[in-house]
Amino acid sequence: PLRHRSYRRYLGNARNPIYNAPRWTTEQQLATTDVNRYLFSTDVKIEPTDFLQVTLRGGIDGFDDKRSYFFPIGSGGDRQNGVFAEDVIGGREINFDGIVRGNFQLTPDIGGNATVGWNINDRQRTTNSSNITGFLVNARKETTDLNTSAANSTVENEKRFIRSNRLYAVLSLDFFNQLFVTASNTIEAHSAVDGNFSYPSVDAAWQFSELPVISTNSVFSFGKLRVAWGQLGVAPDPHRAQTLAEGGFEYSTYSDPLQIALFGGGFRLDDDRGNPGLDPEIKTEFEIGTDLRFFNDRLSYSFTFYQNNIEGMLLPIDLTPSSGFDTQFDNAADMENIGVEMDLTYTVVRNNDWNVDIYANWATNENEVTRLEGTETYNLSPGASVSSRAIVGKPLGELFGTGSQTNPDGSFDLDDNGFPQLTPSPITLGDPNPDWTGAIGVRANWKNVAFNILVDRSQGGFFSPRSLWVLRRFGTTQETANRFTTTTDLTNYAGNVIPAGTTVRGNIANFGGGDVLLDETWYRTGIGGGFGDNQAYNFSIEEATVTRVRELTLSYTLNSTAFRDFTKARSVTFSATARNLFHWDDIPGIDPEINQTGVGNARGLEYFTNPSTESYLFSIEVNF
């Protein structure tokens, strides 16, 4: 009882396994989250004159989040003696806006409005983490007292404070109800930046469908040309300007850690040096586009071309350890994006009972890292054998790792046995960013019944399902289960000749020098599966094209006169939604949309990562 039974421990013969069997994780371990959240907001509008409006708006958003984790005795790895951990996270955000807006008319054909506003935003977050290790008894089964730890407990506390305030002004002008011009500027003071910074913008739109020659056209309903230029400032993460103290650290090589906790605890100067000279990231974007509608607005189309540059991107830069610090945040990178976005909607049916729309969008983006401070490559996913990197001249997230040597014509440089040879150092393996993304959907209403389905597609890009690559080494993938009898003599990776008529497990491959045998010597001791930087990871890269049913929704609304008279409610809507219902791809293993490092700049990697969730939502909306 309470032993792991799996492919590797089929008799439960080890009390302390290296890895958890899947059912142990789902049935014996616990990971719960209990969240309470409150939101409050209010606004006051004052109109002292017909052309002037004052708005005062404020709100608070607070939460507490309690996360408990329980690993019973017998869990895999370093949790084999039992672990209980708990994170208690609390946060609060206060926001206030004061806005003055006025309308004016300069001439009968020229008018506009002006806005001046001030915003203050204050955010606080505290995390308290505790951990006890080594139960004297199996706490989940035999006691409700978790203070049964045989080892020292640890407690950690982390605090974060952010405050910003902004003064902004917007001026909009309207010429002949055709030409619209808007200019704005924002000046911001932020707790993570020394001094103030500003980011202006300007845009113009010409609604040419108001021209007399077009406005009477029965086919053309609406047309607008637009152009815009603007900047956006993004402040650094909080507390990056300071060099603080830290505790809970250890000094170690790979195998002999020396923990300060063994000597009664203590503090040291943080090895991540603060940088008081940090500036905000500045994104400057130009775009031009058009919005068109036809046939009494039954068909609409929009097109946008954009180009933006991001200067001073904030990254931790490696320092010489002899300086006493190993990293420092700096404005260390620049990047460029060029892209196109298109949207299309067509109303197929429109009458008293029915309304059916088909809608679609398509987008493509070309990205390039143009500068890295002091280096040509920066690792966005530290610790991974296949890494996602920023490399000068390449798209952000480029996959990087050891691979196979090639000849000038692109063919593999083979050894004497007909197998690829490992590159002496890492190489670029592929761009994880898609060539394009698109979606198509249908919205339909029949009386009080509404239906919506959205199908999207990500075309191209590359993905590395490294879980399968590692499991090839263990011989636990479908690929390694193949068994056949050779019909000709075959050479394996070790250089042994396997004679015809031999029954083997493995596969036949041809890397350009004739058929060879991929058996255990390739998957386990060769370069065709496993860990570390001595693998031909070019064979672990798959094309990441995927199509999925992103969302399916069905709803029904009660709003008849009899219903309103009886309930005193205007309407009640019942909805059911399914998300990520189906997907189709040619990638072995897991959904290519997941990401080993979570939300961030690294992408295209998977390593024993949980798959995307398929979710079902049910809601009732009551309006009075």
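## Burial and overall form

Of the 624 residues of the chain, 37% count as buried; buried means a relative accessible area under 20%, exposed means over 50%, and partly exposed lies in between, with a 1.4 Å probe and protein chains only. The model is predicted, so local features need a pLDDT of at least 70 and side-chain atom pairs count only at pLDDT 80 or more, while totals for chains, interfaces and linings use all residues. Residues are numbered from 1 along each chain as its sequence is written, and side-chain values use heavy atoms, with hydrogens and water left out.

The C-alpha atoms of the chain fill a box of roughly 90 × 65 × 65 Å along the principal axes. The chain exposes about 35700 Å², of which carbon and sulfur atoms supply 54%; these areas come from the Shrake-Rupley method with a 1.4 Å probe, and for residues only the protein chains shown count as cover. The secondary structure comes to 6 helices and 35 strands. Helices (H or I, at least four residues) and strands (E, at least two) are DSSP runs, numbered from the N terminus. Among the contacts in the chain with a separation of 6 or more, 63% are between residues 24 or more positions apart; contact means heavy atoms within 4.5 Å.

## Nonpolar cores

In soluble globular proteins, nonpolar side chains tend to be buried together. A nonpolar core is a set of buried Ala, Val, Leu, Ile, Met, Phe, Trp, Tyr and Cys residues joined through side-chain atoms within 4.5 Å. The largest such core here has 14 residues, and those with the most contacts inside it are Leu315, Leu372, Tyr378, Ala390 and Leu396. Strands β15 (299–318), β16 (327–350) and β17 (354–372) each supply at least two residues of this core, and β15 gives the most to it, with 4 residues.

Leaving out residues up to four places away in sequence, Ala390 touches Val369, Leu372, Glu376, Thr377, Tyr378, Leu380 and Leu396. A second, separate core of 9 residues includes Trp522, Tyr523, Ile527 and Ala536.

## Two open sheets

Two strands pair if DSSP finds at least two bridges between them. Strand β19 (residues 387–391) is joined to β18 by 3 bridges, and the two run antiparallel; Asn379 stands opposite Arg389 in β19.

Another open sheet consists of 3 strands in the order β31-β24-β34, and its pairing is mixed. Here the edge strands are β31 (542–543) and β34 (605–606), each of which pairs on one side only. Strand β24 (residues 462–465) pairs with β34 in the parallel sense over 2 bridges, and the bridge partner of Pro465 in β34 is Glu606. Helix α4 (residues 466–474) lies across β24 and β34, running at about 40° to β24; axes are lines fitted to C-alpha atoms, for helices over the stretch in contact, and angles run from 0 to 180 degrees between N-to-C directions.

## Aromatic rings

A pair of aromatic rings is described by the distance of the centres and the angle of the planes. Rings of Phe, Tyr and Trp (its six-membered ring) pair if their centres lie within 6.5 Å; planes under 30 degrees apart count as stacked, over 60 as edge-to-face and the rest as tilted. By this rule the count comes to 23 aromatic pairs. The rings of Phe511 and Trp522 have their centres 5.6 Å apart and their planes at 40°, so this pair is tilted.

Phe511 counts as buried at 12% relative accessibility, and Trp522 is buried with a relative accessible area of 2%. Both residues belong to one aromatic cluster formed by Phe412, Phe419, Tyr493, Phe511, Trp522 and Phe539.

## Two contrasting positions

Ser164 has its place in strand β5 (residues 154–175) and is buried, with a relative accessible area of 1%. Apart from residues up to four places away in sequence, Ser164 touches Asn119, Ile120, Asn121, Glu188, Ala189 and His190.

Phe531 lies in the loop between α5 (520–523) and β31 and is partly exposed, with a relative accessible area of 34%. Neighbours within four places in sequence aside, Phe531 is in contact with Tyr19, Ser385, Val470, Arg473, Phe474, Tyr537 and Tyr607.
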